[in-house]
Amino acid sequence: MPLDIALVPALRDNYVYILRDGETGTVAVVDPAEPEPVIAALEARGWTPSVILNTHHHPDHTGGNAELKRRYAATLVGPRSETARIADMDVTVGEGDTVPVGAETATVLETPGHTRGHVCYHFAGAGALFAGDTLFSLGCGRLFEGTADQMWASLGKLRALPDETRLYCGHEYTQTNARFSLGVDPDNEALRARADAVETLRASGEPTIPARLGDEKVASPFLRADDPSLQAAIGMIGADPVAVFAEVRRRRDSF
């Protein structure tokens, strides 16, 4: 049976995800930004979470931890290298560790860059990637703690996942990311098609997430720093992909 995934808007532009394994009924919550909308979504479905998955320590991803733990006695799982910055974790994880959610299993990918200890959760069987603030649709997280080299390597791990993987990220930034991306890569037809689809979705009040990873690979400039056509578009033909990525990220920071 499938992994049911409910998208819950929170705060200004965050997304929290509630997962339910169809075989066992086990429920998990990914990055609870705040407790109230998550509790409302759980109650509406009659679901009780037993697991909370954190990708990184920022409060807009952990703000609901304490109340969900208290209310549901849920087990809090998060990155081992952020133990000092996420309170009351029950299980800590790192690269290659696995986390069961009923009959489904997530593999942990360490993806430093946005924070030093950021992790992502890849449910290979369900074709779902919970990327926190490492990878957005047509974007990536700011380099608050890590380096361009670290983030480019982290994005490479995610880019290597199957094309049919569905990307579930931490924020609804896609429309702004699309407008920025068209400015640096205006002749990319895949990007233009994605941007048009995003405009239609947002005009209807619909989320742009999940995104298909294969579409991101050909449209997002943040995943294409080693692509000669992107390098040409920003005037860096033949440059080190890390330098190209850093330049794209620098331009996005001031967009």
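Student: In which hand does H5 pass H6?

Tutor: A crossing is left-handed if the near helix is turned anticlockwise from the far one by less than a right angle, and right-handed if clockwise. Here H5 passes H6 in a left-handed crossing. Helices are DSSP runs of H or I, at least four residues, numbered from the N terminus. Keep in mind that this is a predicted model, where local features need pLDDT of at least 70, side-chain atom pairs count only at pLDDT 80 or more, and totals for chains, interfaces and linings use all residues. Residues are numbered from 1 along each chain as its sequence is written, and side-chain values use heavy atoms, leaving out hydrogens and water.

Student: At what angle do the axes of H5 and H6 cross?

Tutor: Axes are lines fitted to C-alpha atoms, for helices over the stretch in contact, with angles from 0 to 180 degrees between N-to-C directions. Those of H5 and H6 (residues 189-203) cross at roughly 150° and come within 9 Å. Angles under 35 degrees count as roughly parallel, over 145 as roughly antiparallel, 65 to 115 as roughly perpendicular and the rest as oblique, so H5 is roughly antiparallel to H6.

Student: Which residues of H5 meet H6?

Tutor: Contact means heavy atoms within 4.5 Å. Among the H5 residues are Ala 178, Arg 179 and Leu 182, meeting H6 residues that include Leu 191, Ala 195 and Glu 199.

Student: And how do H5 and H9 cross?

Tutor: The axes of H5 (residues 174-184) and H9 (residues 241-253) come within 11 Å and cross at roughly 125°. The two are therefore oblique to each other, and H5 passes H9 in a right-handed crossing. Phe 180 of H5 and Val 248 of H9 are among the residues making the contact.
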